[in-house]
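Please consider the structure shown below.

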Amino acid sequence: MAEQMVIIGNHEVQVLLHYKDLIPRLEVALGKFSKRDSAEIIQPVRSTVPLQRYNGFLGLMPAYLVHEDILCTKMVCFYKRDSGSTLPSTQSTVLLFDPEHGNVKAVMDGEVITAKRTAAVSAISAKLLMPARAEVFTILGAGQQALSHYIVFTETFSFKEVRVWSRRRESSERFAQAAHGPVRVCGSAEEAVNGADVIVTVTGASEPVLFGQWVKPGAHVAAVGACRPDWRELDDVLMREAEVYVDSREGAGAEAGDVILSGVQVYAELGEVLNGTRSAHREKTTVFKSLGTVSYFRHQ
């Protein structure tokens with residue numbers, strides 16, 4: 001008889017999901033994904049349903065980990081909100097299925113899962129690609145993803161200075177108050193980026209907010225926003241001067257405006273670096289374009 005479905009809410013996920021457990025599991029998942037072995041993992045490119053009336057779309061992200069016998073799907077709605085809107089830019093839910101019977105075993109609030117998983121993969125990219133002596137960490141954007149990235153990056157690495165910039169200064173100041181540590185609020189994106197060793201972009205931008213002429217040679221950029229083929233956060237100069245890494249080549253080719261519109265070639269997936277089949281070019285300026293296409297769930 002099928003097990004009774006459980007509902008795991010936002011607070012429970014927050015308590016149960018820790019970066020120290022999540023990061024190594026995601027490294028395993030990224031490596032498996034890049035092997036393209038359907039005997040290990042089946043995860044197609046995200047399918048989308050446009051919500052033109054509301055300037056958004058629904059993304060459906062199924063995955064099956066064969067050996068672990070884990071079948072799950074994340075459903076996430078993305079919206080391009082007007083500046084100052086009080087409506088959320090994302091809403092997500094994760095369903096865990098019984099692969100044999102097909103019933104839903106658990107319904108999980110996806111907001112914390114999304115925030116932590118995305119930030120953890122960005123941290124993995126920095127672990128592999130950022131300069132050896134990185135001292136200045138900059139975040140462009142001041143929403144939920146900005147805070148999750150701040151938490152995992154400051155837990156995982158030691159920086160001498162953390163900076164933040166957002167189009168609305170009050171958002172940056174609110175972020176700085178929420179962060180448990182010193183954060184310098186900057187008046188412009190250029191000021192925030194100048195001399196930074198690691199830069200995370202977590203904005204709602206559809207046009208570039210980060211320009212190559214501002215970026216220190218050898219810096220590492222984790223670009224998280226702009227998840228549609230006609231949206232972007234980074235300009236052509238930065239994309240064409242950097243070595244570009246992604247979580248999924250197929251996903252980047254279908255959805256990443258930063259990659260598609262600049263016409264650059266992707267050098268490697270993070271999983272290929274983790275598997276040792278591609279190099280981590282720390283000495284170069286690097287960009288990791290995150291699409292959120294690789295996840296890892298485990299029975300507890």
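In this predicted model, the largest nonpolar core comprises 40 residues. Within this core, the residues with the most contacts are Phe137, Ile139, Phe153, Phe159, Val183, Tyr245 and Leu270. Several elements give two or more residues to the core, among them helix 2 (19-35), strand 8 (136-140), helix 4 (144-156) and helix 10 (270-275). Helix 3 gives the most, namely 8 residues. There is also a second, separate core of 28 residues, which includes Ala192, Trp214, Ala219 and Met239.

Attention may now turn to the aromatic rings. A pair of aromatic rings is described by the distance of the centres and the angle of the planes. The structure contains 8 aromatic pairs. In one of them, the ring centres of Tyr245 and Tyr267 lie 5.5 Å apart and the planes stand at 75 degrees; because planes over 60 degrees apart count as edge-to-face, this pair is edge-to-face. The two residues are 22 residues apart, and the pair links distant parts of the chain: Tyr245 belongs to strand 13 (residues 243-246), whereas Tyr267 lies in the loop between helix 9 (257-262) and strand 14 (268-269). Both Tyr245 and Tyr267 are buried. Beyond Tyr267, the residues that Tyr245 touches include Leu129, Leu270, Val273 and Phe288.

Finally, Phe137, Phe153, Phe157 and Phe159 together form one aromatic cluster.

Methods. Residues are numbered from 1 along each chain as its sequence is written. This is a predicted model: local features need pLDDT of at least 70, side-chain atom pairs count only at pLDDT 80 or more; totals for chains, interfaces and linings use all residues. Side-chain values use heavy atoms; hydrogens and water are left out. Rings of Phe, Tyr and Trp (its six-membered ring) pair if their centres lie within 6.5 Å; planes under 30 degrees apart count as stacked, over 60 as edge-to-face and the rest as tilted. Helices (H or I, at least four residues) and strands (E, at least two) are DSSP runs, numbered from the N terminus. Buried means under 20% relative accessible area, exposed over 50%, partly exposed in between (1.4 Å probe, protein chains only). A nonpolar core is a set of buried Ala, Val, Leu, Ile, Met, Phe, Trp, Tyr and Cys residues joined through side-chain atoms within 4.5 Å. Contact means heavy atoms within 4.5 Å. Lists of a residue's contacts leave out its neighbours within four places in sequence.
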